[in-house]
Amino acid sequence: MPNNAFLQSRTLSDTHEFNLAYNASDNARAISGMQLAGEILAYLNSTITTSGAKKLGIQFGAYASFLSFFGLAKLTQASEQFYGVPDYASSMVFELFTTADTSSGFPGAEEMMVRFMYHNGTSANSSEPTMFPLFGQSEAAVPWSAFAANLSTFAVHDTQQWCHVCGNTTGTCAQYATANGANGGSNRSSSASSGNGLSPAVNGVIGAMVTLGVILGLEALIVLVGGFRLVSKKTLAGATAGGVETKA
């Protein structure tokens with residue numbers, strides 16, 4: 001494959017996958033990134049609340065979660081590479097640190113900072129993770145309070161939130177259907193109904209019956225006006241067998 005054709009194919013693939021994983025007007029599309037954000041926030045918070053007892057957390061996942069998080073955290077404003085599908089063994093790193101004096105004990109949350117690093121592909125001595133600013137900011141390191149506040153705007157922490165974002169009211173989500181309706185889920189239900197107050201499923205059945213009635217009516221009209229008549233296969237076969245063959 002020529003280099004220019006390969007580049008075009010890769011670019012189109014990147015665009016397709018990114019748009020599947022993130023859309024600014026459709027939050028449900030980025031649900032994997034939202035769930036990842038909730039897990040990141042929970043773990044880093046536990047590091048603070050346990051005074052550093054939890055020092056390292058590791059997760060493995062698919063590139064779709066990466067792309068979703070890239071869009072949600074506005075990393076695409078920091079570099080165009082975040083529009084592309086990550087290579088195998090790529091890594092995101094969230095480092096919780098402080099510049100305060102720790103000789104007297106573990107620092108408080110107000111003294112903590114967070115920075116984000118990313119490496120596209122397998123890390124090596126010649127290529128290490130690079131720091132990038134989050135949330136469209138200019139500084140790579142942000143105070144913990146600002147990091148938590150920004151991440152909380154889209155983080156999903158539990159099943160109920162997941163059901164609400166996805167608009168799911170069946171299965172496991174059935175128990176949260178009423179609660180979700182009270183805080184915005186009802187908007188999804190009302191938008192799923194048509195102007196006549198019937199659900200899409202009922203309207204679909206009515207539409208199918210009406211269409212079937214129209215088709216049968218047209219067939220009847222063609223038979224009557226065109227002079228056609230219905231004949232069974234047995235009658236037609238008998239007439240053919242008893243017919244007379246003529247030659248010119």
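Author: L56, I58 and F60 make up a nonpolar patch on the surface, and together they have about 440 Å² of accessible area. Keep in mind that this is a predicted model. Of that trio, let's pick out F60, which sits in the loop between helix 2 (31–49) and helix 3. F60 has a relative accessible area of 80%, so it counts as exposed, the cut-off for that being over 50%.

Now for the charged pairs. Side chains of opposite charge can pair when their charged atoms come close. The count here is 4 salt bridges, taking a nitrogen-to-oxygen distance within 4 Å as the rule.

Take R10 and D87 to begin with: their side chains meet in a salt bridge, at 3.6 Å from N to O. R10 belongs to helix 1 (residues 3–21), while D87 is in the loop between helix 3 (63–72) and strand 1 (91–98), so this pair ties together parts that lie 77 residues apart in sequence.

Next, have a look at E95 and R115. They form a salt bridge in which the closest N and O atoms are 2.6 Å apart. This pair also links distant parts of the chain, with E95 in strand 1 and R115 in strand 2 (residues 112–119), 20 residues apart. E95 has 28% relative accessibility and R115 has 25%, so each counts as partly exposed.

Salt bridges with shared partners join R10, D14 and D87 into one network. So if you have R10 and D87 on screen, bring up D14 as well, because that network includes it.

That leaves D26 and R29. Their side chains meet in a salt bridge too, with 3.8 Å between N and O. D26 is partly exposed, at a relative accessible area of 30%, and R29 is likewise partly exposed, at 34%.

Definitions and conventions. Residues numbered from 1 in each chain as written. Predicted model: local features only at pLDDT ≥ 70, side-chain atom pairs only at ≥ 80, totals over all residues. Heavy atoms only, no water. Helix = DSSP H or I, 4+ residues; strand = E, 2+ residues; numbered from the N terminus. Buried < 20%, exposed > 50% of the residue type's maximum accessible area, 1.4 Å probe, protein only. Patch = residues over 30% accessible without salt bridge, like charges linked within 9 Å, V, L, I, M, F, W, Y side chains within 5 Å. Areas by Shrake-Rupley, 256 points an atom, 1.4 Å probe, with all protein chains shown as cover.
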